[in-house]
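Thanks for coming, everyone. Let me put the model up, and then we will walk through it.

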Amino acid sequence: MQSPLGEFEQLVMFGVLRLDDDAYGATIRRELLERAGRDVSPGAIFTTLERLEARGLVTSTYGEPTQERGGRRKRFYRLRPEGRRALAASLHTIRRMARGLELGEERS
Amino acid sequence: MNARPPAIAAWLLERLLDRDSYEAVAGDLDEEFLHQQETRGRSAATRWYWKTAMRSIVVCRITGERRIEQRRMDFDGGGRASVRDLLKPALRQFRDYPVYAVATAGTLALAIGVGAVTMTVVKRAYLDPLPYRDDARLHSLLTFSGALTSAVSPHVLQDLRSSPSPFVEFAGIRPMGFAFAADTFTESISASLVGSEYFSLLGVTPARGRLWTAEERDAVVISWTFWHHSLHGDPNVISRAITLDGRPRTIVGVLPEAFVPPYFATTAVWAPLDMAPLMAEPRARRTLTVLVRRAAHASVDDVNAFLAIFSTNQQQHDPSVFGNLTWIAPLLRDELVGTARPAVLGAGAAALLLLLIVAANIAGLSAAHAAATRHHVAIRSALGATRARLFAEHLIETLVLTLLGSLIGVWIAYLLTQLVVQYQQQFLPRLASIRLDWTTIAAALAAGVLIGLFASLLPRRVLGGQLSDSLRCSRGGSIDRRLARTRSGLVMAQVALALVLLVGAGLLIRTVQHLSTMNLGFNPDNLFVISMNLPAPRYQSNEAQVAFERDVLDRVSRIHGVESATASVGIPIVGGMMAGLAIKGDPAGTAQREIAYLSVAPNFMSNVGATIVAGRGLLPTDIRSSPRVVIINETMARMFWPNGDAVGSQVFIGAGAPSEWITVVGVYGDIRTHGPTEVIRPAAFGSTLQYSWPRRNITVRASENLPLTLATDLRSAVHAIDPAIPAGAVQQFDRLISERTARHRLATIALSLFGSLALVLCAGGLYAVIALASRMRQREYAIRMALGARARDVRWMVFRQALLIAGVGTGAGLAAAVGGTRILNGLLHGVDALDRTIFLTACTVLVAIAGLAAWQPARLAAHVDPVETLKAE
């Protein structure tokens with residue numbers, strides 16, 4: 001049995017899912033900043049993705065080196081089926097727990 | 001584009017991240033940096049870059065370590081862990097921190113080893129019952145005169161038997177020397193004449209054969225040792241005929257190998273005791289060593305009350321003989337092991353102190369280890385390892401270490417026990433054999449594990465949860481200070497305990513020194529003695545004895561390497577016999593006094609190196625036909641002639657009413673006839689030419705380079721005169737004396753050993769604490785030096801801290817030592833228990849050790865480069 005996903009792990013995985021083919025460190029960071037209001041360091045994102053990859057939830061591929069990255073390669077991430085299932089399970093759990101509860105109006 | 005991220009931050013990223021992380025993280029940072037620069041300007045972007053890069057480094061470094069951890073330990077976030085899972089990290093700890101592991105297990109092993117041996121000795125000597133039937137009711141009956149105890153008159157024993165008393169069993173023992181005619185040589189063996197009740201009293205039955213019956217007057221029972229050594233383990237030993245003192249005897253039984261008699265431990269033969277001839281002797285002659293068993297319903301108080309009445313009766317019944325005497329019956333156990341008490345207690349207390357020091361040391365090690373591994377622990381707990389899991393791992397780690405240490409300790413104890421057994425005879429009353437038994441091993445293991453667990457878990461509790469929060473703590477933070485304080489406290493405790501040990505060791509060393517340089521009244525250097533019994537009936541007459549003495553001295557003096565030879569009956573150090581004393585002119589009804597009496601050849605005093613104080617010595621002309629004379633020792637002169645008019649007085653020495661007056665012709669300086677630690681008894685020395693017994697001790701002064709053949713030559717000389725005379729072993733006076741001081745040496749060795757171990761542990765502990773503290777204060781040193789402090793000042797700061805710890809420890813130790821050395825009181829001779837020099841020396845040694853321990857840290861601190869250090873910060 002896999003241990004459940006942490007909140008930050010869920011957020012990063014949603015980011016990867018949203019960005020589809022363009023999911024790499026910098027874009028995920030921006031996604032988190034814009035949608036979740038979280039200003040996190042690239043290090044935190046990288047290590048989280050590393051951990052998720054080690055658990056077999058995401059895969060990564062390297063892109064071409066670019067000028068704006070100082071000649072370094074982008075590392076693109078995708079969810080693996082296991083990752084989708086784990087994310088769905090987490091979401092499902094939260095929904096089930098939240099069903100019928102009034103938590104106040106959501107801020108947009 | 002001129003926009004480049006800040007070079008130093010970028011360089012740090014490259015230096016501090018592994019390749020994978022660096023490529024991804026630095027790439028993202030660069031990309032974002034461009035974006036930031038376009039939207040918020042260069043300086044804001046630079047600030048952002050610095051901040052984010054540093055955060056990334058921290059996250060990646062920590063998680064990076066975690067990744068390594070993960071690869072190494074297949075760590076699962078919260079699942080159940082098997083013992084194997086828990087053992088693995090423990091073993092890894094030992095691999096990663098070998099110094100901690102070895103130091104902890106090693107110190108524990110030492111302490112357990114030394115502790116277990118001490119406990120074995122204490123247990124055997126004190127706590128274990130004597131190896132006799134129902135030993136709690138066994139008493140030794142003694143005649144008591146003033147401060148001295150001696151054997152019992154057979155008449156008194158008979159009186160005791162025939163009166164209603166709290167005693168139910170009695171056994172009289174008459175020690176003897178027998179000449180045993182072996183195949184080629186006549187051997188001198190020690191024997192005990194006993195009634196058959198002796199065996200039932202002690203609860204011993206023969207391992208082979210049986211005891212003698214009332215009719216068998218010539219039957220004997222022999223010891224296992226005699227059977228194996230002198231009879232070569234003869235399988236047909238039962239019913240074998242042997243000749244003892246020219247009289248044929250039949251062996252009917254062999255006592256068990258383990259049996260050691262309470263008195264006369266080397267007894268080889270037990271023969272029936274015939275009371276009739278003893279009862280024919282005067283009442284005053286005290287020839288029997290008596291063991292009694294108290295009735296089951298009687299208490300020790302009953303015994304004492306009874307003996308008080310019994311003594312009064314005896315005194316009234318026969319005032320001239322028993323006027324000054326009382327009878328006492330101490331428990332056999334106290335009588336046998338009582339004198340070793342201070343030595344054994346001292347050693348036991350010292351072992352306990354050492355254990356405490358070791359516990360403090362392990363606690364210090366554990367605290368240091370906790371600090372060293374706290375980062376690891378913090379990461380583990382941040383990643384979800386539960387406190388229980390971490391605790392379980394730590395517990396297993398500690399258990400394995402302490403168990404290992406204790407096992408090695410038991411092994412050390414086993415080796416040490418072998419060593420103790422070899423010297424047991426010299427140190428302790430000979431009781432049951434000393435060996436490591438299972439109870440002691442189990443107790444030692446349990447004690448080791450308990451001490452280890454307690455000592456290593458306690459500091460972690462003291463330091464508390466702060467350890468797991470330590471990710472947030474920087475170097476030199478509160479946790480480090482607290483750690484340093486804890487360790488300083490532990491080292492202070494060690495110093496205090498070590499001081500107590502050192503003082504104890506110092507006092508005992510001084511005692512042994514005092515005893516070995518004490519004026520014995522004679523010169524024991526290269527002095528040898530060989531003892532022999534002259535068999536009856538040939539040597540019954542004094543003429544025959546004197547003739548033998550003359551012949552043997554003549555032959556012995558011609559042996560190569562012998563400088564002088566003399567004869568006596570009884571020797572100083574081993575002691576003579578006790579005799580009654582009456583002085584001519586005593587008022588009627590004066591009770592008889594007690595003195596030691598020895599019979600010596602005229603040249604004895606000058607040969608052993610005694611000094612004459614008044615009058616003259618014994619002369620070759622003082623023979624049987626001339627008036628009897630004696631010389632006496634100073635103590636006797638002082639005691640009975642306080643006015644100094646001893647020379648010329650007439651005395652009677654012996655039992656019963658005065659029959660023959662003897663003139664005191666001279667006074668000699670005291671010879672410690674009963675060993676250097678005993679009170680000097682009044683002693684008189686008559687001439688062998690006038691009166692003696694069929695026994696001789698031949699005392700020989702050998703030249704400096706001892707001929708190896710001396711012993712054989714001495715025996716041959718005796719053999720040449722009369723092959724029927726058994727010559728005993730050759731004994732050396734130095735050794736006889738050192739046997740008497742053995743207990744002091746045992747305690748001294750133990751305390752010195754423990755003291756040195758304690759010093760080493762203290763030095764190690766001090767060094768570790770000072771080194772850690774001065775590393776933590778490096779920045780402070782750097783700043784001070786930058787502000788103008790000289791190297792000397794910094795060095796002094798380090799020393800001051802070491803001296804502070806040593807000072808506080810020494811102070812506490814002094815207080816403890818003042819109270820603690822009282823335990824040694826019974827052992828100390830010629831030195832005050834509060835001897836100032838020794839206390840001062842012990843303090844100085846510890847302070848010096850502190851100085852030494854601070855030497856290297858101080859040197860390092862003084863060489864701090866302020867610029868480098870502050871830059872690094």
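**Two chains, one walk-through**

We start in chain B, at Ala90(B), which sits in helix α4, residues 83-96 of that chain. Bear in mind that this is a predicted model.

Now look at what Ala90(B) touches. Leave out residues up to four places away in sequence, and the contacts are Glu393(B), Ile396(B), Glu397(B) and Val400(B). Take His394(B) as well: 304 residues separate it from Ala90(B) in sequence, yet C-alpha to C-alpha the two are 7.4 Å apart.

Step back to chain B as a whole. Chain B holds 26 helices and 22 strands. Of its 873 residues, 45% are buried. Take the contacts in chain B between residues at least 6 apart in sequence: 83% of them join residues at least 24 apart.

Next, chain A. This chain has four helices and two strands. Reading from the N terminus, the order is α-α-α-β-β-α. Chain A has 108 residues, and 33% of them are buried. For contacts in chain A with a separation of 6 or more, residues 24 or more positions apart account for 45%.

Let's go through the pieces of chain A. Begin with two helices, α1, residues 7-19, and α3, residues 42-54. They pack at an angle of about 90°, and their axes are 10 Å apart. How do α1(A) and α3(A) lie relative to each other? The range for roughly perpendicular is 65 to 115 degrees, and α1(A) and α3(A) therefore count as roughly perpendicular. On the α1(A) side, the contact uses Phe8(A), Glu9(A), Val12(A) and Met13(A). On the α3(A) side, it uses Ile45(A), Thr48(A), Leu49(A) and Leu52(A). By class, that contact has six nonpolar residues, one polar and one charged.

Now helix α2(A), residues 25-36. Just after the helix comes Gly37(A), with a positive phi of about 70°.

Then the strands. β1(A), residues 58-66, and β2(A), residues 72-79, run antiparallel, joined by seven bridges. As one pair, Tyr62(A) has Arg75(A) in β2(A) as its bridge partner. The hairpin of β1(A) and β2(A) has five residues between the strands, and there Gly70(A) takes a positive phi near 65°.

Last stop, the interface. How many residues of chain B are in contact with chain A? The count is 20 residues of chain B, against 17 residues of chain A. On the chain B side, the elements giving two or more residues are α2, 19-40, and α3, 42-73. α2(B) gives the most, with 12 residues. By class, the chain B side has eight nonpolar, six polar and six charged residues.

That's the tour. Questions, please.

Technical notes:
Residues numbered from 1 in each chain as written. Chains lettered and ligands numbered in written order. Predicted model: local features only at pLDDT ≥ 70, side-chain atom pairs only at ≥ 80, totals over all residues. Contact = placed C-beta atoms within 7 Å. Nonpolar A, V, L, I, M, F, W, Y, C, P; charged D, E, K, R; others polar. Buried ≥ 20, exposed ≤ 12 C-beta atoms within 10 Å, placed from the backbone. Axes fitted to C-alpha atoms, helices over the stretch in contact; angles between N-to-C directions. Parallel < 35°, antiparallel > 145°, perpendicular 65-115°, else oblique. Pairing = 2+ DSSP bridges. Expected span 1.5 Å × (residues − 1).
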